[in-house]
Amino acid sequence: MKAVIDEDLPRSLNAVLQSLGFEIFDVRDFGLRGKADEDIFIFAQERQAVLFSADLGFANIFRFPLGGHSGIVILRFPNEMPTDAIHKASKNLLLKLSKEDFAGNLIILSLAGIRIRRHS
């Protein structure tokens, strides 16, 4: 699977996702730093990639309708949480998901667990 990493997530998350088998596209490496959410979304869809972000704007299913993308994963961890703890929690949660859980769905990862808003 492919993953686009938004600029609001640490670059070090790339290694975590690679260890899970994702091919990574970091927006910072493609001149997309500071671009609009729609530009990032289009970039991800052109690559048929799951979009990983901490930006709640991507959770708006009216702007980014369920079923109309390769998957959106929002990481919702406390700001004061150490990066290595975020990596560990994210990896543990992602290991519980199958490839089919991503396509067209909105996934929220948090300390409370996984929430998936599925397309019909």
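**View A. Burial and pairing of Phe22 and Phe102 in the predicted model.** Phe22 and Phe102 are both buried, where buried denotes under 20% relative accessible area with a 1.4 Å probe, protein chains only. The model is predicted, with local features requiring pLDDT of at least 70 and side-chain atom pairs pLDDT 80 or more, whereas totals for chains, interfaces and linings use all residues. Residues are numbered from 1 along each chain as its sequence is written, and side-chain values use heavy atoms, without hydrogens and water.

**View B. The tilted pair of Phe41 and Phe64.** The ring centres of Phe41 and Phe64 are 4.8 Å apart, and 45 degrees separate the planes of this tilted aromatic pair. Phe41 belongs to helix 2 (residues 37-46) and Phe64 to the loop between strand 3 (50-53) and strand 4 (72-76), so the pair ties together parts 23 residues apart in sequence. Helices (H or I, at least four residues) and strands (E, at least two) are DSSP runs numbered from the N terminus. Phe41 and Phe64 are both buried.

**View C. Arg47 over two phenylalanine rings.** Arg47 lies over the face of Phe25, 5.8 Å from the ring centre. The charged end of Arg47 also sits over the ring of Phe30, at 5.7 Å from its centre. The criterion places NZ of Lys or CZ of Arg within 6 Å of the ring centre and within 35 degrees of the ring normal.

Note on methods: Buried < 20%, exposed > 50% of the residue type's maximum accessible area, 1.4 Å probe, protein only. Phe/Tyr/Trp six-rings, centres within 6.5 Å; stacked < 30°, edge-to-face > 60°.
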